[in-house]
2 protein chains.
Amino acid sequence: MTISEVSEQYGLTADTLRYYEKIGLIPRVERKKNGVRDYQEEDCKQIAFIKCMRSAGMPVETLLRYMSLIRQGEETSKERMGLLVEQQEILLKKRQEMDDTLKRLEDKIACFKEKEKSKKRQACGCI
Amino acid sequence: MTISEVSEQYGLTADTLRYYEKIGLIPRVERKKNGVRDYQEEDCKQIAFIKCMRSAGMPVETLLRYMSLIRQGEETSKERMGLLVEQQEILLKKRQEMDDTLKRLEDKIACFKEKEKSKKRQACGCI
DNA sequence: ATACAACATGGAGTCCGCTCCAAGTCAAGC
DNA sequence: GCTTGACTTGGAGCGGACTCCATGTTGTAT
């Protein structure tokens, strides 16, 4: 797969894909004779995972650690799991926060609608 | 309330509070004779809201717009509600994504545990 | 043959959201 | 009277994660 195909498929710009390779988040991608990148299935799997974790807010730094552990083989699996569990905890907390914010938004929006309906234009308690 | 009390209460640094005031996210806070900030209840309400929206990922730019609409009075309420609804949609989408990621993490972690239990050290399909 | 688009590279620049700094003021305690 | 600590200001600096740029090479279409 070319870089533009991968870019298309995973919603990452070509620049970002090159950047990830440059910083070693993914190993050096194979090139064709002419020097053009030719992404293998394994690369794509990793990119999918990276994309997923990045959009969930895992820092590049942590991913870098994780991907390097993968390359070091099976004996690092405990440490890798640790990283995943850590991230899981972070995400669960984030989701809780998000739910609180959503509740707050809902209330506010409901309050706007209420005002609209009753045609009363006074300010309500919420800012 | 002094800046350090507000900072304490809402988990924002004094620097961040001054920064929010500087960029006009909150209106100029009242000062005591000696020039020290004295936060009023209204300021605190706004800060609570800002903190909440910021940690849910609403960009400062959007909040700036929202807060400026508030200052313009009741006739902007429709536009304000629009911003909130927009943000709500963004958050709902984000939460969906987050749930997908959590699912993925769970699966991976389960996979690690499985491997551990069965004492088989072979790689599993997931990266 | 020439034009064009898609790629490559190394390195510089950008954006966001703070965070830190230097220099100064002030109130309270010793 | 002096030190200490919490505050003030304007402005510079920073970290993360890209994003853009200049320059160069290729393969393909006209």
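Partly exposed denotes a relative accessible area between the buried limit of under 20% and the exposed limit of over 50%. The structure shown in these views is a predicted model.

**View 1. Lys103(A) in helix α5 of chain A.** Lys103(A) lies in helix α5 of chain A, which spans residues 77-118. With a relative accessible area of 46%, Lys103(A) is classed as partly exposed, because this value falls between the limits of 20% and 50%. Tyr20(A) is 83 residues away from Lys103(A) along the chain, and the C-alpha atoms of these two residues are separated by 37 Å.

**View 2. Packing of helices α1 and α2 of chain A.** Helix α1 (residues 3-10) and helix α2 (residues 14-22) of chain A have axes that come within 9 Å and cross at roughly 105°. Helix α1(A) is therefore roughly perpendicular to α2(A). On the side of α1(A), the contact involves Ile3(A), Val6(A) and Ser7(A), which meet Ala14(A), Leu17(A) and Arg18(A) of α2(A). By class, the residues of this contact between α1(A) and α2(A) are four nonpolar, one polar and one charged.

**View 3. Packing of helices α3 and α4 of chain B.** The axes of helix α3 (residues 41-55) and helix α4 (residues 60-72) of chain B come within 10 Å, with a crossing angle of roughly 150°. This angle makes α3(B) roughly antiparallel to α4(B), because it is over 145 degrees. The crossing of α3(B) with α4(B) is right-handed. Helix α3(B) contributes Gln46(B), Phe49(B), Ile50(B), Met53(B) and Arg54(B) to the contact, while α4(B) contributes Val60(B), Leu63(B), Tyr66(B) and Met67(B). Seven nonpolar residues, one polar residue and one charged residue make up this contact of α3(B) with α4(B).

**View 4. Packing between chains: helix α3 of chain A and helix α5 of chain B.** Helix α3 (residues 41-55) of chain A packs with helix α5 (residues 77-118) of chain B at an angle of about 125°, and their axes are 9 Å apart. Helix α3(A) is accordingly oblique to α5(B). The two helices, α3(A) and α5(B), cross in a left-handed sense. From α3(A), the residues Ala48(A), Phe49(A), Cys52(A), Met53(A) and Ser55(A) meet Glu97(B), Thr101(B), Arg104(B), Leu105(B) and Lys108(B) from α5(B). The contact of α3(A) with α5(B) comprises five nonpolar, two polar and three charged residues.

**View 5. Surroundings of Ile47(B).** Ile47(B) belongs to helix α3 of chain B. Its relative accessible area is 2%, and Ile47(B) is therefore buried. Apart from neighbours within four places in sequence, the residues in contact with Ile47(B) are Val6(B), Tyr10(B), Leu12(B), Leu17(B), Ile26(B) and Tyr39(B). Asp107(B) stands 60 residues from Ile47(B) along the chain, with a separation of 39 Å between the C-alpha atoms of the pair.

**View 6. Cysteines of chain B.** Cys44(B) takes part in no disulfide, and the nearest cysteine sulfur to it, that of Cys52(B), is 15 Å away. Cys44(B) counts as buried, at 8% relative accessibility. Cys111(B) is likewise buried, with a relative accessible area of 17%, because the limit for this class is under 20%.

Terms used. Residues numbered from 1 in each chain as written. Chains lettered and ligands numbered in written order. Predicted model: local features only at pLDDT ≥ 70, side-chain atom pairs only at ≥ 80, totals over all residues. Heavy atoms only, no water. Axes fitted to C-alpha atoms, helices over the stretch in contact; angles between N-to-C directions. Helix = DSSP H or I, 4+ residues; strand = E, 2+ residues; numbered from the N terminus. Parallel < 35°, antiparallel > 145°, perpendicular 65-115°, else oblique. Left-handed = near helix turned anticlockwise from the far one by under 90°. Contact = heavy atoms within 4.5 Å. Nonpolar A, V, L, I, M, F, W, Y, C, P; charged D, E, K, R; others polar. Disulfide = S-S within 2.5 Å. Buried < 20%, exposed > 50% of the residue type's maximum accessible area, 1.4 Å probe, protein only.
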